[in-house]
Amino acid sequence: MSTHTIVSLPDQSTARIPKDNYITRENGLLSWLLTSDHKRIAILYLISITFFFFIGGALAGLIRLELLTPQADLMASDTYNKVFTMHGVIMIFFFLVPSVPATLGNFFIPMMIGAKDLALPKVNLLSWYLYMAGGLLALYTMTVGGVDTGWTFTTPLSTHYVNTNVLTTGLAVFIAGFSSILTGLNFIVTIHKMRAPGLTWFRLPLFIWSNYAASILMVLGTPVLAIAIVLIALERTLGIGVFDPTKGGDPLLFQHLFWFYSHPAVYIMILPGMGVISEVISNFSRKRVFGYTAVAFSSVAIAVFGFFVWAHHMFIMGISNYAVLVFSLLSMLVAVPSAIKIFNWSLTLYKGSITFETPMLYAFGFMGLFTIGGMTGVFLGSSGTDIHLTETYFIVAHFHFVMVGGMLMAFLAGIHFWWPKMTGRMYPEKISQLAAVVTFIGFNLTFFPQFILGMLGMPRRYAAYPPEFQILNVFSTAGATILGVGYLLPVLYLVWSLRYGAIAGDNPWQATGLEWQTQSPPLTENFAVIPIMDHEAYDYEWLEKQQKEKGVTSVG
Amino acid sequence: MNHISPVIWQFLVKWLTNFALLPPEASKIAPQMDALLFFLVLVSLIGLTIVVLLVVSFSILYNKKRHPVAVQVEGSTLLEAIWTIIPLGLFLVIFVWGALIYFRVFTPPANAMNIYVVGKQWMWKVEHPGGQHEINALHVPTGRAVQLTLISQDVFHSFSIPAFRVKREAIPGRYTTVWFEATTPGTYHLFCTQYCGTNHSQMTGDVVVMSPEEYRKWLASSTSGVSLAQNGERLFASLSCAACHNARPDARGPSLANVYGAKLALASGGTVIADDAYLREAILNPSQHITQGYAPIMPTYQGQISEEGVIALIEYIKNLNSDYRIEQTLNSTEMPPGSEGAAKGGVTPAVKGPVTKGTVKP
């Protein structure tokens, strides 16, 4: 075995993909569209969110092209406003929120806890249909004229002043919200009720902990978004006046409701990604995650504190100074668990035996970019500096560092890590390492200049800007093209690998999770025999012993 | 370097020679804000360096080649405590420091000169007390605390002056304030930073900071000849506010002399300070804000006065320190007050303009 890699593949000349697996068990389009198998639903999600990601990405490309020059010359201001609105709506509600939970979570939560499926398989399928209904409705609104409220639907702009498709877009988000609620509910029930014998809470992989925390946020937060959208619809159609000051309403109330969901929503997006990073870092350094309990509880702490920081989006909006104090303080507290995670991951490497396969490269990228994203969050949580930085490109850069630099890197790390388990085949290593590096460089070139633009005061959501900001925008656009290449590459080689990739075998990474102790791709019922958990999570010594025994028996 | 596109090359040279991380510091608060920003950058750099150092050095020390067998380490309560307490401490310092700056930016000194700003899609309208009107521009003197009272007449806007490091949301139906003291003469960017629809990115302008003498010259040369309060007085007359607010013993509305800043007892119980926000509400939505001892007969002026009109009225009321002024206003409406009062004997609050009604009916 090479010393540069932990990959151990079966002998390619004799190895074959197991004949009976979740992909081959049934055939035909209907067998996919009516499936209640969590793995098949995860694949449906994977295809659909990738589709939406590239639509959102194309819109991002248009934004960057427009911003290449200071004038609004590529498109009219109205078009630009629609483009950034649709970019936000699609990326947030139809990519980031479902990304890791609905694909990797759906596929691996039951497998990691040794269950045959989620607790509510049909509800799981319903989630996907709701998601698709919402997503297609959002695409439909794009084709009939789009919407230009910004993804934040700020009142009274969205209720009284724009004539675009606010109601249909709102309905799309409303429907997709139910998909998210049902997925969260399904995960919570599954994690509580369907763990394999011996699998206590503190033996769970950290991926489960973080998805559990995110699920709680989904179930508790998303209904508030639904309420806010319903109120917008009522205000727009019937003029009920809750947000209308001339009728005694309060336009700020909408932002309270919206951010009560949308701030926890960023934790819905990032927590599952953090779970992926815990799995990947542990596996490629062959070590149990440093401070397992601290990492597990930091997820819970983020979920709890995450609910009480929403008003930091409104520091300059005339909320009371004392509310600002409280929300600023709580925002500082929520930064601490993230710091705890970063340091624990770093220390996991200590005395490990580290290899640098693609998932690990993405995980390293995550750690660097998320540290920057998290620290710049402190700039914004500090009420004084927020005055200067809010509503500028600094916010844009901060958000993209956390969501794209953090979440998307984590998503790609996870996709590469579990690809062999999902498909039974390896992705090509060299080109994917290249893609990870290209993504990292492209990302920094795209978004780092935006921090400087924001410090200089360039407002966000501007189709045109003063000429002195051009050079930094040129850097950013140049970076975006590199980033585009970085995202296209995985699609190409992952599709290629479906046919030509090396056969992975059960456990190519020699990982400890229960999902790796069964065939790849797994059986429809995941395990031939329900496993019994008699060891801790990330127990590499257990795995070694296990493999030795297996080796002995097969020889004998 | 001719093989690089000359345009890009020019840009690079220009950018590198004028490289800046922050806009010029043109207000008193700017250096204080920047000090905290630099501290934050410093803390971030240290944090990032620690993480990168840990990852890189462990990757070198413990890569599989060098360190083929991992040694399991469970964790360390001491380390957990260290990296909980140190970041927490730093964040708390940043919190206190930030809050101090926040309170400074949003607590104007008592002697600040007030300028009203009305945001609308897609322009900023500035009303100086001396009657100077500006659109998408703001002239201010150095060395003098200036308070802006902002309101929007449609959607949310945000008034941002990066060189001053201040920004404040202009909200429909509510006054917000911010203040600054400009220090360096010059012309600076003014942006609307809250997305407000089609021409959001055109809702920009210039903030012109002038020395006090130049500012005086500017004030004298750009006044419309009628101060904001005088405008308010005209409105007060044309809306016949003085029909009731006339300070007579039998007046149906309270006297407005010296009312600004006074503590009022409300008919609904409780007291309120008569500030800009209260006066605006009392004009637009009077039935909710009746002073004790008066009947709820004042009609609403919602939809009849623009935000600028309300501002002019407030400015007039602010400067009203004797009933003598009201008497004058009353006379200037050319309405015999006696007949006005008689004609209005039993009118309902729904009646809007007493003047027109009064003149038509008899």
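## A tour of chains A and B

Begin by selecting helix α2 of chain B (residues 29-61) together with helix α3 of chain B (residues 77-106), which pack at an angle of about 165° with their axes 11 Å apart. Helices here are DSSP runs of H or I with at least four residues, strands are runs of E with at least two, and both are numbered from the N terminus. The axes are lines fitted to C-alpha atoms, for helices over the stretch in contact, and the angles run from 0 to 180 degrees between N-to-C directions. The angle makes α2(B) roughly antiparallel to α3(B), where angles over 145 degrees count as roughly antiparallel, under 35 as roughly parallel, 65 to 115 as roughly perpendicular and the rest as oblique.

This is a predicted model, in which local features need pLDDT of at least 70 and side-chain atom pairs count only at pLDDT 80 or more, while totals for chains, interfaces and linings use all residues. Residues are numbered from 1 along each chain as its sequence is written, and chains are lettered from A and ligands numbered from 1 in the order in which they are written.

Staying with this pair, show the side chains: on α2(B), Ile29(B), Gln32(B), Met33(B), Leu36(B), Leu40(B) and Val43(B) meet residues of α3(B) that include Leu90(B), Ile94(B), Trp97(B) and Ile101(B). Contact means that the C-beta atoms of two residues, placed from the backbone, lie within 7 Å. The residues of this contact divide into 10 nonpolar, 2 polar and 1 charged, with Ala, Val, Leu, Ile, Met, Phe, Trp, Tyr, Cys and Pro counted as nonpolar, Asp, Glu, Lys and Arg as charged, and the others, Gly among them, as polar.

Next, keep Ile101(B) in view and select Cys192(B), which is 91 residues away in sequence and 22 Å away in space, C-alpha to C-alpha. Cys192(B) is placed in strand β9 (residues 186-192) of chain B, and counts as buried because it has 29 C-beta neighbours inside 10 Å. The cut-offs are 20 or more other C-beta atoms within 10 Å for buried, 12 or fewer for exposed, and partly exposed in between, with C-beta atoms placed from the backbone. Leaving aside neighbours within four places in sequence, Cys192(B) is in contact with Gly119(B), His157(B), Ser158(B), His200(B), Met203(B) and Thr204(B).

Now colour the whole of chain B by secondary structure, which shows 10 helices and 12 strands; of its 362 residues, 37% are buried.

Move on to chain A itself, whose secondary structure comes to 17 helices and 0 strands. Of its 556 residues, 62% count as buried, and its C-alpha trace spans about 85 × 45 × 45 Å along the principal axes.

Finally, select helix α3 (residues 77-96) and helix α5 (residues 121-143) of chain A, which pack at an angle of about 175° with their axes 11 Å apart. That makes α3(A) roughly antiparallel to α5(A). Here Met86(A), Val89(A), Ile90(A) and Phe94(A) in α3(A) meet Gly135(A), Ala138(A) and Met142(A) in α5(A), a contact whose residues divide into 6 nonpolar, 1 polar and no charged.
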